[in-house]
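Take a look at the sequence and the model, then read on.

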Amino acid sequence: IAGREKVLNHAFNRLLPPGELEMHHGKLPFLEENQCVVIWGVALSRSIAPDPVVFQGPLVDGEAEQWYPECDRCSSFLVFMLHLQAAYGGGMAFSASASLTEIARTRLDKNWHCGGEVNGMRTYSRSGQAICVVKWPELKTKTETWGVIAGASTEKALAEIKKELAVRWDYQSARRSGPK
């Protein structure tokens, strides 16, 4: 049932339907990156772990020959990815991005539910709102700064994020119709 949810499962990265699942070098891919550069999968053997490690496989000529551990638990990876799809992937109707101060970033751990961290990106959520926080390069000063990508179910909810984090949006968009 969860796999039929098209807005979040196809907003950015694509959860593969059961009919497209097939083994690749001992791994069962279940998620495809939005530009088909990498896939994510779990190792299959005679004894399947209850919450297996998720591996990332960069695609070369449509095949993932090398696999790298991405997250220790599949359940944690899927929660993280759900947050990413909502905020960064356009799964929510309103989205925006901005630079974020260290003080505002530390407030997130107190006031938001943490959805996990993968490769240095941390996700957060609360009702009708999702956020991804990551370090990104500041082009003018050639230093790194914190960046936030926010998604919200309403314009008001996005404005609340802006006010709470004291940010000025660099980019803002609204999806007026159904899923992509």
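## A term to start with

A residue is called buried when its relative accessible area is under 20%. A salt bridge needs a side-chain nitrogen of Lys or Arg within 4 Å of a carboxyl oxygen of Asp or Glu. The model discussed here is predicted.

## Glutamate 33

Find the loop between strand 2 (27-32) and strand 3 (38-43): glutamate 33 sits there. Glutamate 33 is buried. Yet glutamate 33 has no salt bridge. Arginine 14 carries the nearest side chain of opposite charge, and that is 11 Å away.

What does the side chain of glutamate 33 reach? It reaches the backbone nitrogen of glutamine 35, at 3.0 Å. A polar atom of the glutamate 33 side chain also lies 2.9 Å from the backbone nitrogen of valine 37. Setting aside neighbours within four places in sequence, glutamate 33 is in contact with Asn13, Val38 and Trp40.

## Strand 10

Now turn to strand 10, residues 143-152. Of its 10 residues, 8 are buried, so strand 10 is largely enclosed by the rest of the structure.

Which way does strand 6 run relative to strand 10? Strand 6 (residues 94-100) and strand 10 run antiparallel, joined by 7 bridges. Serine 99 stands opposite glycine 147 of strand 10. Strand 9 (residues 129-138) is antiparallel to strand 10 too, and 10 bridges join them. Here glutamine 129 stands opposite alanine 152 of strand 10.

Methods
Residues numbered from 1 in each chain as written. Predicted model: local features only at pLDDT ≥ 70, side-chain atom pairs only at ≥ 80, totals over all residues. Heavy atoms only, no water. Helix = DSSP H or I, 4+ residues; strand = E, 2+ residues; numbered from the N terminus. Buried < 20%, exposed > 50% of the residue type's maximum accessible area, 1.4 Å probe, protein only. Lys, Arg positive; Asp, Glu negative; His and termini not counted. Polar contact = N/O pair within 3.5 Å; in protein donor to acceptor, adjacent residues only side chain to side chain. Contact = heavy atoms within 4.5 Å. Pairing = 2+ DSSP bridges.
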